[in-house]
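This report accompanies the entry displayed below.

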Amino acid sequence: MKKRLGVLMLALILVVVSVAGCSSGSTSKKDEVTKVGFIYVGPADDGGWSQAHDNGRAKMVENMGGKVETIVKENVPEEKSAVVSTIRDMVDQGCTIIYGTSYGFMDGMVEAAEEFPDVKFEHCSGYMTSDNMGTYFGKIEEPRYLSGIVAGLTTKTNKIAYVAAMPIPEVIRGINAFALGVKSVNPAATVNVSWTNTWYDPTVEKAAAEALIQQGCDVTAQHQDSTATMEAAKEAGKLSIGYDLSAATTMPEVYMTAPLWDFGGYYTDSVQSVIDGTWKSQQYWGGMNDGIVLLDDLTALAPGSAQAQVDTAEAAIKSGQLNIFSGELKDQTGAVIVSAGTKMTDEALLSMDWFVDNVVGSLK
Amino acid sequence: MEFIFFLAAAVKAGTCLLYATLGEIISEKVGHLNLGVEGMMQMGAVVGFIAGFTFGNPYAAVFCAAIAGAAGALIYGFLTISLKANQVVTGLTLSIFGVGFAAFFGKNFVGKKVPEAITTFFAPIKLPVLGDIPYVGQIFFNQSIYVYFSYFLVIAIYIYLYKTKWGLNTRMVGENPVAADASGIPVDKYKYFNIALCGALCGLGGAFLSLVYISIYPVNVVSGRGWIAVALVIFAMWNPGKALLGAYFFGALDIASFWLQQYTLPVSIYLFTALPYLATVFVLIFTSMRKSSNKKEPAWLGKNYFKEDR
């Protein structure tokens, strides 16, 4: 008799629990507040890429008033399983749109997008899309070209250090644009590239920057999200071009300028479209004209003649007069890749796997 | 000239390995294989950074790092000496624990800068006279005070192990605790002391990374260097002097890829990043072929001593 009572109790508990589970699930859907998820590859205050996204997120929250709530997950590794479990967690908490802000999240996001067809996904810097997954990115190569002008005018040894993240088209495009900017004002200078295969590992990045500086480089540029490269420049008494965020106040000893991201406008428009129900999967690729990328104000450390040359080039890019990747462009072996008078197609840009001729370094 | 700069950078990159290897040599000399080096380095790195960041005092930072490493080692010591737990398993557990410890306590410090006071204290100082020796001066005597201290430790530990009564007793415990016990040496006390010393040195090695080598605290600062230190002990044949050479050799391999990328080489750069681990494999193969007994591990290494079994 007692045993039977126990089974009955257990069954009762199970029923209660499952009913409670259902009811809590349905109430969260009725919520007026839109929940937005953000996945970062580094800490939200990394002084770089993730912080640029977090600033954009904060701007969006401010613009939207009380209509949105954001859930942020930092330091997510670029592994499929980690990304998928992070997303499941966010969906459980009620997110209806999720932004993944690193290239390596792609596979995980594709899988999660299949698993949760009702949730919208936006992946920064990737190329995979589906009905509920779009991509967004900016033409950071435009301000990078401008920062190359500053570096080219600054260098005295004619060797510029470029501490590069991963050998993927996004980074290669940035290096080439930078090198072309350097070339436009200083054809004798080379851009010396060192790969770290990290987005955020100050230990490795500082060691790589130190090696380049001791090999004779006197200006540094970088593609990682930490300020480690600038720290190395500071210790050696050199000058730097930053990335992602302005370091004018945090690294005043070395900082000249940086290509910057401003995601606030994009996130606001995108989240608004989700609320309005007009969101569509797309491949967004904005430039300086859209305000998603820009060059920071030059500091007093930048050479005096730089401002005028940067302004001219910026106006030319914005008006469409100047196309960074127009011929004639040669690769490192001297072979002509883009012939005079032609422009590179978007497809060729998005799969770029070669260096222009004033870059020193290997892609293998 | 560039090669000299490279060697100087290799000394800097190898210093964290040197501290940890010296520590592990002491632990193995007393008969305890402690695979927890990675964990103790992580604990030293994170505690050293937090202390340095909070107090802004280099002495406090280094002291706390050594204490943290020693605390980790004492957990291992208690389990293996007093409770006679398996040394390999306990060491592995300590490694996993240390990595988790650092991730948990370091989470809020990721991205924080090493305070200016500490950076200036540990900035390279050119030594008078020695620093002016051509080549050698630039490589070895234009370094941080933290690096100089490791030179001192190599000599001090050599003297301790081979020229003092305590060192002799320590080695005897590692070679034959039965005989040591019979001759009145307090075996457990020697074990505890040397294991704690090992932990303190590993902690110092980790803190070298988080206080001197880097400027910004990352997610995983030690990232596998502890395992290389364990292999280095075998490479060094339990000799502090050879540990110095081995540490700088592996330091050089650690940074080689950054320096070689400027030369167009017909091999992939990924090969260079794998070099330290490849070299470790070769070191283990070659050392296992050695026959001479005074270059071998202590006879009781890895075995626990049960007094009751005598």
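## Overall architecture of chain A

The model is predicted. Chain A is assigned 11 helices and 16 strands, and its C-alpha atoms occupy a box of roughly 95 × 40 × 40 Å along the principal axes.

Chain A has 364 residues, of which 49% count as buried. When contacts between residues at least 6 apart in the sequence of chain A are considered, 67% of them join residues at least 24 apart.

## Helix H8 of chain A

Helix H8 of chain A spans residues 228-236 and is mostly covered, with seven of its nine residues buried. These buried positions are Ala228(A), Thr229(A), Met230(A), Glu231(A), Ala232(A), Ala233(A) and Lys234(A).

The cover over the buried residues of H8(A) includes helix H7 (202-214) together with strands E6 (159-164), E8 (219-222), E9 (239-241) and E10 (255-257) of chain A.

## Contact between chains A and B

The contact between the two chains draws 26 residues from chain A and 22 residues from chain B. On the side of chain B that touches chain A, helices H1 (2-29), H10 (187-213) and H12 (240-260) of chain B each contribute at least two residues. H1(B) gives the most to this side, with four residues.

By class, the side of chain B that touches chain A comprises 15 nonpolar, six polar and one charged residues.

Technical notes:
Residues are numbered from 1 along each chain as its sequence is written. Chains are lettered from A and ligands numbered from 1 in the order in which they are written. This is a predicted model: local features need pLDDT of at least 70, side-chain atom pairs count only at pLDDT 80 or more; totals for chains, interfaces and linings use all residues. A residue is buried if 20 or more other C-beta atoms lie within 10 Å of its own, exposed if 12 or fewer, and partly exposed in between; C-beta atoms are placed from the backbone. Two residues are in contact if their C-beta atoms, placed from the backbone, lie within 7 Å. Ala, Val, Leu, Ile, Met, Phe, Trp, Tyr, Cys and Pro count as nonpolar, Asp, Glu, Lys and Arg as charged, and the others, Gly among them, as polar.
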